[in-house]
Amino acid sequence: MPTTDDRNPGESLAASLAVTPTIVESAASGRPMDDHVARAASGDRRAFEALYRAHVNRVHSLCVRMCGSRQRAEELTQDVFVRAWEKLPLFRGESAFSTWLHRLAVNVVLNARKAERRDGARMEDDEEGDGVDALPSRGVARHAERLDLEAAIALLPPGARRVFVLHDVEGYKHEEIAEMLGVTSGGSKAQLHRARLLLREALNR
Amino acid sequence: MTMPITCDVFEARLADWLEDALSADERAALEAHEAACAACGTLAGELREIRAAAAALPELPPSRDLWSGIAERIEPAVVPLDAARTMERRTAHRARRWGLAAAAAALVIASSGIGYGVAMRRAESRYQAALAERGSAGSAAPAVSAAPSRDSM
């Protein structure tokens, strides 16, 4: 297993994990979001657009990290909001709208993958290797550029990536992840540990 | 006193330790090993850093505004007014044509039915007449077809 001695001198793992702050846009209408939800549920498209603008970045982030492709993530993001428009009249307000939307986004991404598997489209094999072979190795031009966490996540095997994103990025518990992915809680924990070890190896290369 | 553990045991229990899923005794054993073993200490520290960095990842905005694509899909189909009027006229014209065709067909059927009925009654009359003649003449009645002749139709 790689150790700190293998990294470039003077550069810590923490440095490679440094994140760039970003500005999150928010709805500019001035109306409370609950009002937008109620009006959108009644068919008000302008209110729904306000909800879209308030939540699109988070939904898109989830889609990108779960599916590993920015192009596909934009398609999925649109699918999420179209589905949200259809289901909004059923939203009871038992949870926050953001929680409801987020859970819907996870379902859309997972169902899209199931559909792709059924249709025989090019799909990622959950069990292919351990993902490390896909990571840039020593001696390659990228050696001078430290792989950042975002790029390393995208290179994870799909099963490990999904669990890592849902647990460490999005904050779901293993019991919830197990239910969403149709696996056991123990399986979810194992995938998470595997993902963290792979990321550590990638970030230390 | 905490029993010392090996690096293999430490790595095997590390995932549960990071999930706070260990007993107090197990936790103490791993903490002791972490403090005593540089390699395992580094491993645990780096996994914690990854977990923390993941939780702090920023949101990723899409490369473009996706709203127009969404709006198209949630908008009900709208037919332009001129096209709507054209469709209405075509529908009405089609209905009139079908109505006329239906009326003509009904007329043909009705006349056929009337013609057939008249022919049947005529055939019956001839048959009755033939029977009457036979009865009065005491000879075999001529063979009369009950089916209407082409001429009677």
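Tutor: A salt bridge is here a side-chain nitrogen of Lys or Arg within 4 Å of a carboxyl oxygen of Asp or Glu. By this rule, the count over all chains comes to 18 salt bridges. One such pair joins two chains, because R53(A) lies in helix α3 (residues 45–67) of chain A and D65(B) in the loop between α3 and α4 of chain B. The model is a predicted one, and the values that follow are to be read as computed from it.

R53(A) is partly exposed, with a relative accessible area of 33%, and D65(B) counts as partly exposed at 41%. Across the interface of chain B and chain A, the rule finds 6 salt bridges. Polar contacts across this interface come to 20 residue pairs. Three helices of chain B, namely α1 (7–18), α3 (38–55) and α4 (67–74), each supply at least two residues of the side that touches chain A. The largest share of that side, 10 residues, comes from α3(B). By class, the side of chain B that touches chain A has 20 nonpolar, 3 polar and 11 charged residues.

The extent of the contact may be considered next. Chain B contributes 34 residues to it, and chain A contributes 47 residues. Between them, the two chains bury about 3,700 Å², of which 62% is on carbon and sulfur atoms. Within chain B, the residues that lose the most area to chain A are E59(B), L60(B) and W67(B), which together account for 19% of what that side buries.

Two residues, one from each chain, show the contact in detail. P62(B) lies in the loop between α3 and α4 of chain B. Among the residues it touches, leaving aside those up to four places away in sequence, are V56(A), N57(A), H60(A) and E74(A). P62(B) counts as buried because its relative accessibility is 14%, and the limit for a buried residue is under 20%. From the other chain, H193(A) lies in helix α9 (residues 185–204) of chain A. With residues up to four places away in sequence again left out, H193(A) touches E11(B), L14(B), A15(B) and L47(B). H193(A), too, counts as buried, at 14% relative accessibility.

Among contacts in chain B between residues at least 6 apart in sequence, 55% join residues at least 24 apart.

A salt bridge within chain B is also of interest: E34(B) pairs with R48(B), the closest N and O atoms being 2.9 Å apart. Because E34(B) lies in helix α2 of chain B and R48(B) in helix α3 of chain B, the pair ties together parts that are 14 residues apart in sequence. R48(B) counts as partly exposed, at 28% relative accessibility. Finally, D20(B) is found in the loop between α1 and α2 (24–36) of chain B. Phi of D20(B) is near 55 degrees, a positive value in a residue other than glycine. D20(B) is exposed, with a relative accessible area of 66%.

Definitions and conventions. Residues numbered from 1 in each chain as written. Chains lettered and ligands numbered in written order. Predicted model: local features only at pLDDT ≥ 70, side-chain atom pairs only at ≥ 80, totals over all residues. Heavy atoms only, no water. Contact = heavy atoms within 4.5 Å. Buried area = accessible area lost by both parts, 1.4 Å probe. Polar contact = N/O pair within 3.5 Å; in protein donor to acceptor, adjacent residues only side chain to side chain. Helix = DSSP H or I, 4+ residues; strand = E, 2+ residues; numbered from the N terminus. Nonpolar A, V, L, I, M, F, W, Y, C, P; charged D, E, K, R; others polar. Buried < 20%, exposed > 50% of the residue type's maximum accessible area, 1.4 Å probe, protein only.
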